[in-house]
Amino acid sequence: MKKRNNNVWLWVLVPLLYACSTQDEKETTIINSVQLEHSILSVSKEAAGLQVPWDLQYDHINHAILFSEIGGSIRRLDIRTKNVILVDSLKDVYHQRTLGLLGMSLYQPEHEQAYLYLSYTSKSDSLIFSNLYRYDYSLEGNLSNPKLLLQIPGNTGHNGSRVIVSTDKKVYWATGDAASDTFAQDSSSLNGKILRLNLDGTIPADNPITNSYVYAWGFRNMQGLTHNANGTIYTSEHGDAIEDEINLIQPLKNYGWPQIEGMIDTEKEKAIAKLSARQEPIKSWTPVVAPSGMAYYGNHNIPEWKNSLILATLKNQSLRILKLSADGKKITDENVLFKDQFGRLRSVLVVPNGDIYFCSSNRDWNPQKGFPKPDDDVIYRLRLSTKATAPIIKPEASISVVPTVKNGQTLYDAYCASCHKSDGKGLKNTFPSLAQSESVNGEHKTLLKLLLNGLSGQEIKGIKYEGAMPAFSFLKDEEVIEIANYIRTHFGNNASTINQQNLTSLR
Ligand code: HEC
């Protein structure tokens, strides 16, 4: 009898608390209204002027959004007042390009010590590391008592990484392959893996490999990690020049990288998968979209999105709603929102009342055309609304963006412009300019070889580039030729055109 009374109180209290908390909220301007089949959502800017927020977490005690910034700060946005305060700034974070303070996970159980798990890059002497730390998180939201749970090799790229605490009260850490050719397929290396740890960092007794953190393997560079209410885990992962992926994570499965890119669809890949089982992604994209943070939406609030993965993309500059099948094993539909509107999007968070927070990443290492805007970076909110009060936008069904027109410019925009930019000028010290480039304008075979095989560690006009140029051998002959001739005759270049015979002998 007593128990029932308690429950009744909860039912009265929770909606009441929620009503209070939304009522005394400072209002933010609605930028857009999003029209779904039945529901209307409002989009607002909740915080601006941020420096590459990387992960968003919900602090239910302080009713706030806790977020990391890549340079090493941890800050908190009060949902009611919209005040942003600095919680801590970590001194030993090594930040450059894609390296720095990355994923984090706030674990706030009832009546127990709360923890903040952090994943970040550090450097000592010339060595780069990825670290998983645990801090105590006080009721007031202060950090103390740092504990290094794991340290693994890092590199100038491919460091992952996200961290979650799933329904089984275990910590899952999605690590990058540190640009190594061997780590992801080596079950004794902790790179290119999903690692599973107890809350205190020890190895769980029920891990699939005795005395090992390794839970699943064969990954390149995961940038999104989330779970649903049953503890089913999903990741998003960057492919090289092709096949970005969404994976459903199962213990001890091998997801194939670097032997298999995306789907098992070439003869070579099929032969490898025949020798020992390989897991296919539940979704892959070519051309790549650069999928980043991802959150499972299980709330009733927006019925159209119930049982979806909400994904932020960087290169594609969009928020994508990936509808899951009832059993969660397939993606049945894909819708695209905000394409090119807010720039690169980094992270997504669903809070218990069904509101969705997401953030831009326009002040990072690879800003796209027209960005950053003066008030970047921004945390946005999507909230169910009763009416449209701002310009209406609608999600668009995703259409395959594989260019079917064999036109040099279309191909260049799809495969090259995210790095070398649509004007071919590249990005200072990051991507070489293709204007007056010797390899663009010189020997036919040199250029074609470079496009087919990619390039890394080359010094160009006195600059050594840290990132690599991906290999484009998956393109058809005529597509390679179109691209080559496009870059030889644009951006102020005026070199002779190449014909297909030059290519045949190079494959
Ligand atoms: C992910 C980013 C990225 C993409 C996509 C990319 N490149 Fe590159 N590219 C680079 C980097 C980084 C280098 C320098 C590599 C080095 O020096 O080791 C480079 C180098 C080059 C060079 C040599 C320039 C010189 O002056 O020597 C050419 C030519 C080139 N890229 C053309 C292309 C074309 C054409 C495409 C599209 C088919 C493309 N790239 C796609 C990153 C990229």
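Student: Is Glu 69 buried or exposed?
Tutor: First, this is a predicted model, where local features need pLDDT of at least 70, side-chain atom pairs count only at pLDDT 80 or more, and totals for chains, interfaces and linings use all residues. Residues are numbered from 1 along each chain as its sequence is written, and side-chain values use heavy atoms, leaving out hydrogens and water. Buried means under 20% relative accessible area, exposed over 50%, and partly exposed in between (1.4 Å probe, protein chains only). Glu 69 has a relative accessible area of 4%, so Glu 69 is buried.

Student: Which side chain does the side chain of Glu 69 join in a polar contact?
Tutor: A polar contact is a pair of N or O atoms within 3.5 Å; within protein, one must be able to donate a hydrogen and the other to accept it, and residues adjacent in sequence count only if both atoms are side-chain atoms. For Glu 69 the contact is 2.9 Å, and the partner is Arg 75.

Student: Over to the ligand, then. Which residues coordinate its iron atom?
Tutor: Donors are N, O and S atoms within 2.8 Å of the metal (3.2 Å for Na, K and Ca); water is not among the atoms, so sites may look incomplete. At 2.0 to 2.2 Å, the protein atoms are NE2 and SD, from His 420 and Met 469.

Student: What is the arrangement of the 6 donor atoms around the iron atom?
Tutor: Six donors count as octahedral if opposite donors are over 155 degrees apart and all others between 65 and 115. Here the angles run from 83 to 180 degrees, which makes the arrangement octahedral.

Student: Is His 420 buried or exposed?
Tutor: Use the cut-offs for accessible area again. Met 469, at 21% relative accessibility, counts as partly exposed. His 420 has 10%, so His 420 counts as buried.

Student: How many charged residues are in the shell around the ligand?
Tutor: A residue is near a molecule if one of its heavy atoms lies within 4 Å of it, and 27 residues surround the ligand. Asp, Glu, Lys and Arg count as charged, Ala, Val, Leu, Ile, Met, Phe, Trp, Tyr, Cys and Pro as nonpolar, and the others, Gly among them, as polar. The shell has 19 nonpolar and 8 polar residues, and the number of charged ones is none.

Student: Which residue has a polar side-chain atom 2.5 Å from an oxygen atom of the ligand?
Tutor: Ser 437 has a side-chain N or O atom 2.8 Å from a ligand oxygen. The residue at 2.5 Å is Ser 439.

Key:
Tetrahedral: all angles 85-135°; square planar, octahedral: opposite > 155°, others 65-115°.
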